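Here is a briefing on one protein model. Keep the sequence and the 3D view open while you read.

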Amino acid sequence: MEKLRKTLITTFSVICIIFSTLLLFSFSKIKTIELKPDLKTQNQISYKKSYLKISTYLNNYKGKYLWDIHLKELAEKIKSIYLEAEVQVQRKFPNRLIVLFKEKVTFLLLLKQNNFFYSVSQEGHIGEKKGGKDSLNFPILIGKAFEKNLQLRQRAISILAKLNKEEGSFSVRNISEILYNKNNDSFLFYLVSDHFILELKTSPSLKKISNVDFVINYLRKQNRIKALIDARMEKKIIVKKIN
């Protein structure tokens, strides 16, 4: 009798699991996809222009099973349509997808050939056009190479990411412009407070940053102006006089 009872309980449990699974799948086909931008993103002209394109693309996912959607892959596809926001996709049982948009923080600016400034995120993506007054707050990438090449923007950003934002002679605050030197495959950093140009090729070590700070402070004490500080080599810094 006890054996029969256990068999009935097991059979009932299996039937419940199968029924629940079938019920879950029958109700988990996506019917609704909600776009939820934060306030800053919602007010962006670029988001309003991209809204229809994003919605049209997401409509392709309606009718698919909620559990078949790879959330990170979908978020990356949406980012490729709208580059100016962080994107997160969430499942909401039984049949909804929620797409959250959060404005990317401006890391620096790009001066395009049309003489307008555009925001650049920490990932190197080019965003909206900015007013001229905004250029006072960020280093500016200058040149067609930066405009066309994401990898170059990311290389320059990797250097800036190592620096202190406010403190130090070689800090983000003390950089006005960044140019790409094709001949040396290097970057030229124009400093704000002096007529110094610093040349770097790759992301510097903390020791290299400290050495560059030392050289800049030494040149200031010597009342040197218009110098090129070549810091491309890890163990050597060369100072060259420029006109």
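This is a predicted model: local features need pLDDT of at least 70, side-chain atom pairs count only at pLDDT 80 or more; totals for chains, interfaces and linings use all residues.

Residues are numbered from 1 along each chain as its sequence is written, and side-chain values use heavy atoms, with hydrogens and water left out.

**Whole chain**

- The protein chain has 7 helices and 12 strands. Helices (H or I, at least four residues) and strands (E, at least two) are DSSP runs, numbered from the N terminus.
- Of the 243 residues in the protein chain, 36% are buried. Buried means under 20% relative accessible area, exposed means over 50%, and partly exposed lies in between (1.4 Å probe, protein chains only).
- Take the contacts in the protein chain between residues at least 6 apart in sequence: 51% of them join residues at least 24 apart. Contact means heavy atoms within 4.5 Å.

**Helix α3**

- Helix α3 has 14 residues. From first C-alpha to last it reaches 20 Å, close to the 20 Å expected at 1.5 Å a residue. The expected span is 1.5 Å times one less than the number of residues.
- The helix bends by about 40° at Y51. The bend at a residue is the angle between axes fitted to the seven residues ending there and the seven starting there.
- Buried residues of α3 are S46, Y47, S50, I54, S55 and L58.
- Their cover includes β1 (32-37), α2 (39-42), α4, β3 and β6 (126-130).

**Helix α4**

- Helix α4 spans residues 71-81, and L74, A75 and I78 are buried in it.
- Seen down the axis of α4, the buried residues fall within an arc of 100°, so they line one face of the helix. The arc is taken from the directions from the helix axis to the C-beta atoms.
- K72 and S80 are exposed on the other side of α4.
- Cover for the buried residues of α4 includes α3 (45-58), β2 (85-92) and β3 (96-103).

**K64, between the two helices**

- K64 sits in the loop between α3 and α4.
- K64 is partly exposed, at 41% relative accessibility.
- K64 and S28 are 36 residues apart in sequence, and 8.2 Å apart in space, C-alpha to C-alpha.
- Leaving aside neighbours within four places in sequence, K64 is in contact with S28, K29, I30 and I69.

- S169 lies in the loop between α6 (150-160) and β8. S169 is buried, at 6% relative accessibility.
- The side chain of S169 makes a polar contact of 2.6 Å with the side chain of N217. Another polar contact, of 3.1 Å, joins the side chains of S169 and R220. A polar contact is a pair of N or O atoms within 3.5 Å; within protein, one must be able to donate a hydrogen and the other to accept it, and residues adjacent in sequence count only if both atoms are side-chain atoms.
- Not counting residues up to four places away in sequence, S169 touches N174, L191, D213, I216, N217 and R220.
- N181 lies in strand β8 (residues 175-181). N181 is buried, with a relative accessible area of 17%.
- The N181 side chain reaches the backbone nitrogen of N183 at 3.2 Å.
- Leaving aside neighbours within four places in sequence, N181 is in contact with S186, L188 and E199.

**Aromatic rings**

- A search of the whole structure finds 8 aromatic pairs. Rings of Phe, Tyr and Trp (its six-membered ring) pair if their centres lie within 6.5 Å; planes under 30 degrees apart count as stacked, over 60 as edge-to-face and the rest as tilted.
- Y57 and Y61 form an edge-to-face pair, 5.8 Å centre to centre with 65° between the planes. Y57 is partly exposed at 22% relative accessibility, while Y61 is buried at 11%.
- F146 and F187 form a stacked pair, 6.0 Å centre to centre with 15° between the planes.
- F146 lies in helix α5 (residues 144-148) and F187 in strand β9 (residues 186-191), so the pair ties together parts that are 41 residues apart in sequence.
- F146 is buried, with a relative accessible area of 0%. F187 is also buried, with a relative accessible area of 0%.
- Ring pairs link Y47, Y51, Y82 and F101 into a cluster.
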